[in-house]
Amino acid sequence: MTMNLFSLVKFGFPLALALVSLHTAAHGDSKNMPIGQVGNPDQIQRRIEIDMQDNMRFTPDSIKVKQGDTVLFVIQNSGSVKHEFVLGHPKELLAHNEFMKTHPDMEHDEDNMVTVQPGATAELIWQFTSSGTVYFACLQPGHYDAGMKGQIAVRQVARKNSAKPH
């Protein structure tokens with residue numbers, strides 16, 4: 001069956017648009033995320049070490065930070081298979097996890113994630129600009145479903161009252 005130009009435009013364009021939309025939903029726009037933004041290396045306030053293991057767990061899997069903190073995550077893969085550390089919200093992580101099931105060899109180049117080979121260490125610098133809960137997960141096929149996820153509680157910092165007494 002040959003495809004003429006009309007068929008290509010009629011079916012190919014909507015298919016390409018759907019794939020781009022799925023990719024954007026799965027990956028998001030790392031420059032404008034409600035979970036925060038890329039941190040400035042000169043403004044690091046905390047260093048948090050995270051270990052990824054082949055039992056599909058992060059250690060620690062629960063972290064507390066303050067809103068506005070810039071954190072250096074030092075992520076060690078002590079396992080024998082490739083793992084990832086991906087920051088996001090559950091809906092985004094779940095969508096990306098589903099996308100990864102059909103694209104298991106995809107390499108990532110987003111600011112909110114790192115892929116770490118076995119025995120290697122990677123760093124990610126992140127500033128938490130909003131209070132609430134930020135989640136992290138490994139989205140290598142099967143890892144998220146096996147429970148390789150955690151959360152970061154971002155505590156709101158009380159603002160100092162700038163009004164002067166009368």
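Predicted model: local features only at pLDDT ≥ 70, side-chain atom pairs only at ≥ 80, totals over all residues.
Strand β8 (residues 121-127) takes part in two antiparallel pairings. With strand β1 (residues 37-38), β8 forms 2 bridges in the antiparallel sense. Gln37 has Gln127 of β8 as its bridge partner. Strand β5 (residues 70-77) is also antiparallel to β8, and 7 bridges join these two strands. Here Gln76 lies opposite Thr121 of β8.

The largest nonpolar core comprises 25 residues. Phe73, Ile75, Phe85, Leu87, Phe128 and Ile152 have the most contacts inside this core. Eight strands are listed by name as giving two or more residues to it: β2 (46-53), β4 (62-66), β5, β6 (83-88), β7 (113-116), β8, β9 (132-137) and β10 (149-155). A second core is separate and has 9 residues, including Val86, Phe99, Ala137 and Tyr144.

Beyond four places in sequence, Phe73 touches Ile48, Ile50, Ile63, Phe85, Ala122, Glu123, Leu124, Trp126, Phe128 and Ile152. Ile75 is located in strand β5. Its relative accessible area is 0%, so Ile75 counts as buried. Ile75 and Thr121 are 46 residues apart along the chain, yet their C-alpha atoms are separated by 5.4 Å.

Notes:
Residues numbered from 1 in each chain as written. Heavy atoms only, no water. Pairing = 2+ DSSP bridges. Helix = DSSP H or I, 4+ residues; strand = E, 2+ residues; numbered from the N terminus. Core = buried A, V, L, I, M, F, W, Y, C linked by side-chain atoms within 4.5 Å. Buried < 20%, exposed > 50% of the residue type's maximum accessible area, 1.4 Å probe, protein only. Contact = heavy atoms within 4.5 Å.
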